[in-house]
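Please read the following report with the sequence and the 3D structure at hand.

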2 protein chains.
Amino acid sequence: MSKTTMKKKKPKAKKPGVLFARVAFIGIGHIGSSMALAMRRGGVTGSIIACDKSAAHRKTALKLGIVNEATADAAKAVKGADLVVIATPISTNGAIAKAIAPHLKPGAIITDVGSVKQEVIKAVAPHIPKGVTFVPGHPLAGTEHSGPQAGFAELFDGRWAVLTPLPRTPAKAVAKVETMWKRMGAKVDTMNPAHHDRVLAITSHLPHLCAFTVVGTATDLAEDLKQEVIQFSASGFRDFTRVAASDPVMWRDIFLSNREAVLEILQRFTEDLAGMQKHIRRGDGAALEKMFARTRAIRRGIIEAKQA
Amino acid sequence: MSKTTMKKKKPKAKKPGVLFARVAFIGIGHIGSSMALAMRRGGVTGSIIACDKSAAHRKTALKLGIVNEATADAAKAVKGADLVVIATPISTNGAIAKAIAPHLKPGAIITDVGSVKQEVIKAVAPHIPKGVTFVPGHPLAGTEHSGPQAGFAELFDGRWAVLTPLPRTPAKAVAKVETMWKRMGAKVDTMNPAHHDRVLAITSHLPHLCAFTVVGTATDLAEDLKQEVIQFSASGFRDFTRVAASDPVMWRDIFLSNREAVLEILQRFTEDLAGMQKHIRRGDGAALEKMFARTRAIRRGIIEAKQA
């Protein structure tokens, strides 16, 4: 191969250029740091600055080379950023949007990662200045671990990132965020915010609430029983404890922000659970078997959708 | 190496001899076939005969070389067997014990794999003839799959097998079943039957009931919502559907047989869930955060116990 050919290759003909020259993260925890690493891997950005109120998070993110700069000053972080990612617990998002609004670069895009969309939009959208676009988003990925030391670039590979743009959100900005997620390994779908919140209430929030509650119930058991619950946790309980070890503040905010949808699905669930309880109490084996048999259809659907 | 040395090696000086020359399985489903394969791997037995009412199971178990013989006749199966393993849904165990009792070989050991111990002991023990020993057991292992085609020898590796002998059960027979499980890859613990049932109610039966119910609740959703629940199942719900795909008859029997312990723990759980619901409805973030934070201690216990 001649040197000329080599030179021709240098402008990365096959590799697309960066999408956002400068990205600012507000919050560089588990999700923020994983996104930063996935962005670097996907060549999404040139430089990354993180704002985090935790000095330990800032130090870790710098030390691990996840970000180029770190600051405790949100206004400073967003200055000149082409993309701002809000990746903090939902309850803080409104105040953050208000604080950064005057410092945003014209033409910048803001996105977020919140597990609830309606409340985040309600809190953030009013603060977005003219010339800046907010594209609400939610990557359906995460582990029970917290902090930038738990971040990894592969977190979003093959997982869904859901965007919930408003009718007024420019399609171009939505497309750009979509491209970003795809280059970070994710699959992308767009959805109405209210619909997103209902779907997540059943697929994520209710299962997590069950897990938190079951593990909480076990926590109240007598000490000798608790020791054996730990020893024999492999029989189903262990997965619940993993889920229930997730960040308490993040989950507090999810349940408070998606209150309506969670309470609605919780109402259905407790009715169904009361039905199960009645069948068990009465010894109605036929009814139990029927209940257990019908849930297999959903599992089949998941296997067919290749999500198993 | 001389031929003499080779010959000397043949009696398997290092490898212990078979524990049970002939083993009979009543039921050769997922657990029975996995046990048979683990027994072969561990050199526990010489020959294995299976009784199963399903012609398809018998055919598969023979075809896959899991058993040496297969029959629909339980009396025939147990004839001459040194160990009889009952591996059928719990509700059938009493009738099986009664049917095989007159045909058991003097000195034989019977064991079972039921997820509930008090009811199984109550149903089986009265039928055990003099000279035969019943050692109730429960391997804490399994997948959501069913049938002999789902069996594999590694299922019990590193998992617990709990034995719940009665005060009158000869220690020698218990020790033999313990050795058997260890040679099949499992760790063994012994426990009081009532205590076993309480521990399993919280570690296994309650989590399974939650999963069955959550998936059942989702099954009742409107069709469009259901499709998205399947698409976005990765966010917590997927694990629940895997659990909820477990054998309906097996689980029906577990809930009916462990009724008292399940209802007791379910009562505590629903109280705790109502507490969560109240906090969500009232928007009491501090209470929710406190609840979510305390469940981490149990998870830490599991990690320290190396069960994570």
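## A sheet in chain B

Strand β1 (residues 20-26) and strand β2 (residues 45-51) of chain B pair in the parallel sense over 6 bridges, where strands are DSSP runs of E with at least two residues, helices are DSSP runs of H or I with at least four, and both are numbered from the N terminus. Two strands pair if DSSP finds at least two bridges between them, and here Val23(B) has Ile48(B) in β2(B) as its bridge partner. Helix α2 (residues 30-41) of chain B packs on the sheet and touches β1, β2 and β4 (83-86) of chain B, with a direction that makes about 165° with that of β2(B).

These strands belong to an open sheet of 6 strands in chain B, with parallel pairing and the order β3-β2-β1-β4-β5-β6. At its edges are β3 (69-71) and β6 (133-135) of chain B, each of which pairs on one side only. From one strand to the next, the twist averages 20°.

## How the model is read

This is a predicted model, in which local features need pLDDT of at least 70 and side-chain atom pairs count only at pLDDT 80 or more, while totals for chains, interfaces and linings use all residues. Residues are numbered from 1 along each chain as its sequence is written, and chains are lettered from A and ligands numbered from 1 in the order in which they are written.

## Chain A as a whole

Chain A has 13 helices and 9 strands, and its C-alpha trace spans about 80 × 50 × 45 Å along its principal axes. Of the 308 residues in chain A, 52% are buried, meaning that 20 or more other C-beta atoms lie within 10 Å of the residue's own, with C-beta atoms placed from the backbone (12 or fewer is exposed, and in between is partly exposed).

## Where the chains meet

The contact takes 80 residues from chain A and 80 residues from chain B, two residues being in contact if their C-beta atoms, placed from the backbone, lie within 7 Å. On the side of chain B that touches chain A, α8(B) gives the most, with 19 residues. By class, that side of chain B has 46 nonpolar, 19 polar and 15 charged residues; Ala, Val, Leu, Ile, Met, Phe, Trp, Tyr, Cys and Pro count as nonpolar, Asp, Glu, Lys and Arg as charged, and the others, Gly among them, as polar.

## Two helix pairs across the contact

In helix α9 (residues 223-231) of chain A the buried residues are Glu228(A), Val229(A) and Ile230(A), and what covers them includes α8 (193-219) of chain B. α9(A) and α8(B) pack at an angle of about 55° with their axes 9 Å apart, the axes being lines fitted to C-alpha atoms over the stretch in contact, with angles from 0 to 180 degrees between N-to-C directions. The two helices α9(A) and α8(B) are therefore oblique to each other, since angles under 35 degrees count as roughly parallel, over 145 as roughly antiparallel, 65 to 115 as roughly perpendicular and the rest as oblique. Leu225(A), Glu228(A) and Val229(A) of α9(A) meet Arg198(B), Val199(B), Ile202(B) and Thr203(B) of α8(B).

The axes of α10(A) and α13(B) come within 9 Å and cross at roughly 125°, which makes α10(A) oblique to α13(B). Here Arg238(A), Thr241(A), Arg242(A) and Ala244(A) in α10(A) meet Thr295(B), Ile298(B), Arg299(B) and Ile302(B) in α13(B).
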